[in-house]
Amino acid sequence: MKIIRCKDYEDMSKKAAALFFSQIHMKPDCVLGLATGSTPVGTYKQLIEWYEAGDLDFSKVKSVNLDEYVGLDGTNDQSYRYFMNENLFNHVNIDKANTNVPNGKAGNMDEEALRYEALIESLGGIDMQLLGIGNNGHIGFNEPSDAFDKITHEVKLTDSTIQANARFFESIDDVPKTAISMGIGTIMKAKKIVLIANGPKKADIIYETCFGPITPHVPASALQMHPDATIIVDEEAYATILAKRGE
């Protein structure tokens with residue numbers, strides 16, 4: 001596991017985007033694992049800027065997103081399909097037929113989970129996976145539990161995750177209570193993983209992720225076992241990590 005220290009959110013976003021820039025150049029038909037939420041927005045903005053400058057070509061890229069809320073379809077402005085269209089896909093030359101997000105409106109979530117897992121396998125797996133991290137250590141929507149979830153699955157969201165996501169909805173009552181998410185095992189199969197986190201609120205969980213015990217109670221701690229995981233954090237988060245380590 002490698003930790004990259006950045007000045008601020010903008011610097012963190014550019015460094016993360018640079019890794020994806022390199023991945024696309026090295027393998028134009030690569031499979032990118034993508035994340036949603038407020039943290040990756042700056043990374044996507046930078047990729048769009050490079051595309052608009054003529055430095056990046058998404059025409060052969062395929063993508064698979066980590067998760068989707070159960071009950072929301074792609075026309076809902078709080079769905080993750082909508083988020084990806086608005087924050088990346090609508091602004092670059094990616095073929096939307098090659099972009100994949102779990103179907104939150106599927107009639108049978110167990111069948112949809114198996115379909116999505118098979119889809120990722122059929123694409124040859126994920127070349128580079130982008131991750132954010134929840135305050136409780138969740139990656140994707142893999143919440144703290146007694147065991148690591150291996151494959152794509154439906155998950156009941158914890159109260160803390162619902163609270164954290166309520167800012168995107170008119171009311172906390174509108175926040176979906178379940179989601180469909182890649183499992184920890186699915187994420188760990190990615191050839192490369194890039195996790196981004198910024199601000200003092202993420203510092204404690206980043207410390208636990210990188211230096212704490214490997215435990216399903218901190219789902220992101222599984223990344224310690226990945227052969228090519230990069231953690232990119234800003235100065236505020238990094239300062240807390242140093243303090244906790246006594247450095």
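**Close-up 1. Lining of the second largest cavity in the predicted model.** The lining residues of the second largest cavity comprise five nonpolar, two polar and two charged; Ala, Val, Leu, Ile, Met, Phe, Trp, Tyr, Cys and Pro count as nonpolar, Asp, Glu, Lys and Arg as charged, and the others, Gly among them, as polar. Its volume is about 30 Å³, and the lining consists of N142, E143, S145, A147, F148, D149, I184, P216 and P219. A cavity is a set of points on a 1 Å grid over the protein atoms alone where a 1.4 Å probe fits but cannot get out, with lining residues having an atom within 4 Å of a point. Points are joined across faces, edges and corners, and the volume is the space filled by probe spheres set on them.

**Close-up 2. The largest cavity.** This cavity has a volume of about 60 Å³. Its lining includes F20, L32, L34, T43, Y44 and L47, and divides into 10 nonpolar residues, one polar and no charged. Helix α2 supplies the largest share, three residues.

**Close-up 3. Pairing of strands β2 and β3.** Strands β2 (residues 31–34) and β3 (residues 62–65) run parallel and are joined by four bridges, with V31 opposite K62. Strands pair if DSSP finds at least two bridges between them; helices (H or I, at least four residues) and strands (E, at least two) are DSSP runs, numbered from the N terminus.

**Basis of the views.** Residues are numbered from 1 along each chain as its sequence is written. The model is predicted, local features need pLDDT of at least 70, side-chain atom pairs count only at pLDDT 80 or more, and totals for chains, interfaces and linings use all residues, while side-chain values use heavy atoms, with hydrogens and water left out.

How values were computed. On a 1 Å grid over the protein atoms alone, a cavity is a set of points where a 1.4 Å probe fits but cannot get out, and a pocket is an open set with protein on both sides within 12 Å along at least five of seven lines; lining residues have an atom within 4 Å of a point.
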